[in-house]
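Keep your viewer ready and select along as you read.

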Amino acid sequence: MSTALSRLTHPHGGRLTLGLELPLDNDWGQSRLATDRKAGRPFGVPSLDAHAQLARLADQSGFAALWVRDVPLYDPVHFGDAGSVFETFTHLGHLAAITERAVLGTAAVVLPLRRPLLVAKAAATVDVLSGGRFVLGLASGDRPVEYPLFDVEFTTRAETFRNGVEVLRTAWSTPPPGQGLELPRLGLTADRQLDVLPKPTAGTIPIAVAGNAQQSPEWIAEHVDASLNYPRDLGALRLKTEKWRRLTADHPKPYLTPMMLDLLPDPAAPATAIRLGLRTGRDGLVEHLEKMSALGVAHVSFNLRPGDRPIEDVLAELTDHVLPRFPSPVVAEGPAAG
């Protein structure tokens, strides 16, 4: 049985697909920043008034995936971004109920800050509730201030991450009849007949690692199902995708990347670089995406927060003029079975 990655990527490479990072807001655009400052609203806290409506619209429009972040604590002093605001797995459960086709993904859950057995249960729950539409993006975390608050050692997060991935894989497996899960590291033996339910729809859940999670490229290529890597200029991207293809040559795995997008109203506006993305008209966007696809990127997720236009207008333009060039593999298949 195929996992959600087959709904997110075209088989044997091919054209990339497009997704969206939530929240769907433009709170980093210049007009919105001025309005927020005047009203005394803090930077980095998006409006969620239309979150469900916009998620449904994106799903119905044919975007391949909706991604949510994991930001446990809002830190206005050092980071200034509340991320997706909602608790990650609670949010995903809601999204599973109000969408039908889009893959749901995390970009990314900070695994060392969570109990991996509970992550395994939460992830499998989202997978089942969504009809197998879930990809678990994982990270080691990059905010040192959070670690002591969760009673976790920041300097050992690399080992904690690897151990957590092992626990997830084991928890999703089905133990033999009459036995339970076996996790010696946790002191759990098969004779205790303990298990984690529910089980994922396809027997496991695809894992994507964000960045390097303090691991070697070789470990990532061997132990997870996709690379979720930060955007780079095309020259650096070529080097990254070539290395990923070499590392996964025996078992090809997709390369996914997020991208900040400020889509300008003039279709012919030239593309210029912004932090972690582009400011461009749609013609320049399509050209850039074509080049990313040719380099081996399987999926791009847009973060629309830097833009200054109404989100509905941006979604409409992307739907009418960009998505047809990069369709999801399942658009023609109808809703997922739930």
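A pocket here is an open set of points on a 1 Å grid over the protein atoms alone, with protein on both sides within 12 Å along at least five of seven lines, and its lining residues have an atom within 4 Å of a point. This is a predicted model, where local features need pLDDT of at least 70, side-chain atom pairs count only at pLDDT 80 or more, and totals for chains, interfaces and linings use all residues. Residues are numbered from 1 along each chain as its sequence is written, and side-chain values use heavy atoms, without hydrogens and water.

**First stop: the largest pocket**

Select R69, D81, M260, R275 and L276: among the 42 lining residues of the largest pocket, these lie nearest its centre. The space there is about 1,200 Å³, a volume being what is filled by probe spheres set on the points, which are joined across faces, edges and corners.

Next, select residues 255-263. They form strand β8, which gives the most to this pocket's lining, with 4 residues. Strands (E, at least two residues) and helices (H or I, at least four) are DSSP runs, numbered from the N terminus.

**Second stop: a cavity**

A cavity is a set of points where a 1.4 Å probe fits but cannot get out. How many cavities of 30 Å³ or more are there? The count is 2.

For the second largest cavity, select L261, D262, L263, L304, G307, R309, I311 and V314, which line it. β8 and α11 (311-322) are the elements giving two or more residues to this lining. The largest share, 3 residues, comes from β8.
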